[in-house]
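Hi everyone, thanks for coming. Let me put the model on the screen and walk you through a few pieces of it.

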Amino acid sequence: MINLGKNNNLTVVKRVDFGMYLDGGESGEILLPQRYVTDDVQVGDEVEVFVYKDSEDRLVATTEVPLLQVGEFGLLTAVAVNRVGAFMDWGLLKDLLVPFSEQSSPIAVGHKEIVYVYVDNKTKRIAGSTKLNKFLGNKIPKYEVGDIVEILAVKRTDLGFKVIVDNLFWGMIYNNDLFDPIRVGDRLQAHVKLVRDDGKIDVTLRDSGGKRVFNLSDRIMGYLHDHKGVMAICDSSSPEEIKAVFQCSKKDFKKALGNLYKQNLIKIDKTKVEIVK
């Protein structure tokens, strides 16, 4: 069974001039266009692909990695708006539509918005929504105090930072737990501090021993994950560019890069930094 809007491991069944066809089971054969085919892939090989629908509603595969998959929240930028809604850059040739009916407030070109990716029940197409409440808090949280969770920073408030916990629940980091600058769209690791009766979760950036767990290395890795594993900000970047993105000095940035490099998490050259795969 194909997981629409997610990564799938599919077997190559035949090669044609314009690409390869993959075995989609009950969904039939799915085209992997030629631009994504490498010479080393042969009939019978299994390939990891992301499956979505083209402009004619046909299933199509790609080896490109989207910024978000179905069931995930993240920060996306609007690149176009027309009579049906706003189109967000999510890392694929076909942009992600956020229909007007799924916009919590009007989206203009250039706006950055936290978006949820889902499959529309009526059209069976992948779409986005900024009406986040519809997709959060629909399960009973079963966390224990101290559990490690992934959070997405959504909005600064007077109390702290509103976050999404594990793509499932609303949460909050209070001001007394904010030691470093956090921006909307940052992905961080945190610890559960309290599960409230309403299902919302207080989280902390301290571990069980009280040690701070958020640091510059986390920010860099989060930025890389949100930009297809590559960034042009590197040792040769200006202090101003580094500060604009990571709110830190060039000295601290280079030190954090060095620590990640020593852990074999990244590779560095003169023009870019990449995640080690």
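Predicted model: local features only at pLDDT ≥ 70, side-chain atom pairs only at ≥ 80, totals over all residues.

Residues are numbered from 1 along each chain as its sequence is written, and side-chain values use heavy atoms, with hydrogens and water left out.

Strand β6 (residues 73–81) runs antiparallel to β9 (residues 112–119), with five bridges joining them. Strands here are DSSP E runs of at least two residues, helices are H or I runs of at least four, both numbered from the N terminus, and two strands pair if DSSP finds at least two bridges between them. β6 also joins β7 (residues 85–89) by four bridges, again antiparallel, and a three-residue hairpin connects β6 to β7. In that pairing, T77 sits opposite D89.

Within it, β12 (residues 160–165) and β13 (residues 169–174) are antiparallel over six bridges, and K162 faces M172 across them.

Finally, the helices. The axes of α1 (residues 216–225) and α3 (residues 250–262) come within 9 Å and cross at roughly 75°; axes are lines fitted to C-alpha atoms, for helices over the stretch in contact, and angles run from 0 to 180 degrees between N-to-C directions. So α1 is roughly perpendicular to α3, a label for 65 to 115 degrees.

Definitions and conventions: Parallel < 35°, antiparallel > 145°, perpendicular 65-115°, else oblique.
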